[in-house]
Amino acid sequence: MNTYQPDSETLVDIYRKMTLIKQSDDRVIGAMKAGRMRMPYYSARGQECIPAAISVLLTDEDYLVTIYRGVHDMLAKGLPAKLLWAELAGKATGSCKGKGGPMHLTYPSKGCMVTTGIVGSSMPIACGLGLASQLRGEKRVTIANFGDGASNIGAFHESLNLAAVWKLPVIFVCQNNQYAEHTSYSKGTSVAKISDRAVSYCIPGLHVDGNDPIAMYSAAKTAIERARSGEGPTLIEAMTFRFNGHLIGDMGEYIPKAEYAAAVAADPYPKYRSWLLETKQASEADLDAIDLAIRAEIDEAEAFAMSSPPPDAIEVKRDVYAYEIA
Amino acid sequence: MSTETKAPANINLIQALNWALHDAMEADENVIVFGEEVADPEGGGVVKISSGLSTKYGSRVRSTPISEMGFMGAAVGAAVVGMKPVVEIMLMNFVAVCMDQITNHAAKLRFMSGGQTHVPMVIRTMTGSGIQNGGQHSDFLEAWFCHTPGIKVVMPSNPVDGYGLLRSAIDDPDPVLFVEHLKSYFAPGIAPERGSKIPLGKARIHKAGTDVTVIGYSRSMLDIPPVAAKLQAEGISCEVIDLRTVSPLDMETILTSVKKTGRVVVVHEAVKSFGVGAEISARIHEALFKELKAPVQRVASNDSPVPYAPPLEAAFLYSHADIEAAIRRTLA
């Protein structure tokens, strides 16, 4: 794997995406704690860097499939914050008209094709998106996100095999946050590194610090270029940590305190901000301006979500099939 | 099997479905076919329904690894971006290993995305008892899918319907489970007119009658007509309905017939309990309770796994005598 050095503009773009994800997450949790919103919410706080660094390498034409912990992936790929918030609030103006919620976010015009609530199921679908691109002779790539727990389900193995046999333009991104729901990595996974499983399918397996934007960018660029040139799939294991448990309300008693404290101390977000300033990729004023602009964007998103109407009851009859059911 | 070939008067369901796939692939380049052994080097499908397709259409037709969850999900993904996959699950019991992709994804993505995506795919599969395939290669599991909003279930009984329904299933904007019956494959029938499509959700009056409505689909349409013919000789007039599409049910055709006859027998090979017959019976009772002259009767298979030994297989499946007895019960 080569190390690529993104230019300052790209680095700042990664920061902008991380900020959007972090601020949105903080605000959603705040709204839930204040009782303004209620939902099954799987926070990706701590994992911002992974989709931010990948998505600066993608276009709207590229496809993305993700899982219930996927708000960060969707925001980075371009799901507008307003439509996200309205969907989380279960409003008619949400991206899915309030019919999907946090586990089924979809926004095809930015390539956000499917969010699944079923562990492992993003990967077979990604193979199909890749197959469509391959048959049509397009240069699109598909990003399939999933967690470390999903690498133990059959769909992972079937998908890597199928993608390898058919040389599909799919990048399998395992966001290894080290806990499968409440079960620690080593209790459920036979290998030291999930990326080692790529060997079984004769495809590259890249193990990378997912909280390091440059390492993540480099791995993603390597895999995306391979996929775009028709050489086939790559498995990326991006090491990370989730700060807010499996689901909001999970107190994380199963995580050793020292492990949690160390992970929070290594929070990639403030670390990256400091690095950008130290290396003079951006000025404090630049970053402050981004923070403020995003705060305004989230303010607007929240206001839009709160002021939007709920879906009409007739909607349960619509979108079951192409026609409205009786 | 080009379209220029002059159609013979009689063909079987295998040939009809092969024609439908050839014609659909010719008509729309988004139609793709995959499943285990479907390409010509692997045999063109276990009963050769996809014969000739890979030779003509190349990479649009692929034999897959034995990996139903993987390739079913691939069909979902391809369909979401406008391909029209026709995937083959070799035997219906194998849907159990890929149910997640069918029921959690194919059937629900349109709804969960608020209509932003939809899944225009067809799942072809075959099944049926009577050839000693035992408990994991013979089941009729259509009720599982009829109980899943978002997917349609089509079950043809003859070559004309098979051709026309498969063409419509491929055109349909929503996922369709297309269930074929092993014994029906080889029964000769009138050849379909190529290009002639049959709308989904419309039953067919196989034989008009006045005394008892007998409703079947798939395999039971091989068994009902001889019983109806026998009773006709006694002056008992059966109206025989072939549902063709099991979900959504064509209640208009069913209720119109029942208003006339006041008596109903439903016949299917699937096991009896919690099945399609129960749903049809319930709907008829809800709509026409006061017009019924007898309780709706169900004729179906024994509530057990499909057995292996021929005498047990025979005891598992309903008999012609069971159909006859059920019809007579409605007249008692």
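## Close-ups of a predicted two-chain model

**Figure 1. The two domains of chain B.** In this predicted model, the C-alpha centres of domain 1 of chain B and domain 2 of chain B sit 26 Å apart. Domain 1 covers residues 10-190 and domain 2 covers 204-331. Where they meet, 26 residues come from domain 1 of chain B and 26 residues from domain 2 of chain B. By type, the domain 1 side splits into eleven nonpolar, ten polar and five charged residues.

**Figure 2. The largest nonpolar core.** This core has 193 residues, and Leu84(A), Met216(A) and Ile236(A) have the most contacts inside it. Domain 1 (10-190) and domain 2 (204-331) of chain B both put residues into this core, so it lies between them. Zoom in on Met216(A): leaving aside residues up to four places away in sequence, this side of the picture shows Met216(A) touching Cys49(A), Ile50(A), Ala53(A), Ile54(A), Val208(A), Gly210(A) and Ala238(A).

**Figure 3. Where chain A meets chain B.** Here 33 residues of chain A are in contact with 36 residues of chain B. On the chain A side, strand S2 (112-116), helix H5 (122-136) and helix H6 (154-166) each supply at least two residues. H5(A) gives the most, with nine residues. Sort the chain A side by type and you get 19 nonpolar, ten polar and four charged residues.

**Figure 4. Helix H4 of chain B and what covers it.** H4(B) runs over residues 99-106, and its buried residues are Asp100(B), Gln101(B), Ile102(B), His105(B) and Ala106(B). The cover over these buried residues comes from both chains: it includes S2 and H5 of chain A, along with helix H3 (68-80), helix H5 (109-112) and strand S5 (122-127) of chain B.

**Figure 5. Chain A, zoomed out a bit.** Chain A has eleven helices and eight strands. Its radius of gyration is 19 Å, close to the 20 Å that the globule rule gives for 326 residues, so chain A is as compact as a globular protein of that length. The C-alpha trace spans about 55 × 50 × 40 Å along its principal axes. Buried residues account for 53% of the 326 residues in chain A. As for contacts in chain A between residues at least 6 apart in sequence, 75% link residues at least 24 apart.

Conventions. Residues numbered from 1 in each chain as written. Chains lettered and ligands numbered in written order. Predicted model: local features only at pLDDT ≥ 70, side-chain atom pairs only at ≥ 80, totals over all residues. Core = buried A, V, L, I, M, F, W, Y, C linked by C-beta atoms within 7 Å. Buried ≥ 20, exposed ≤ 12 C-beta atoms within 10 Å, placed from the backbone. Domains from an automatic or database assignment. Contact = placed C-beta atoms within 7 Å. Helix = DSSP H or I, 4+ residues; strand = E, 2+ residues; numbered from the N terminus. Nonpolar A, V, L, I, M, F, W, Y, C, P; charged D, E, K, R; others polar. Rg over C-alpha atoms; globule rule 2.2 N^0.38 Å.
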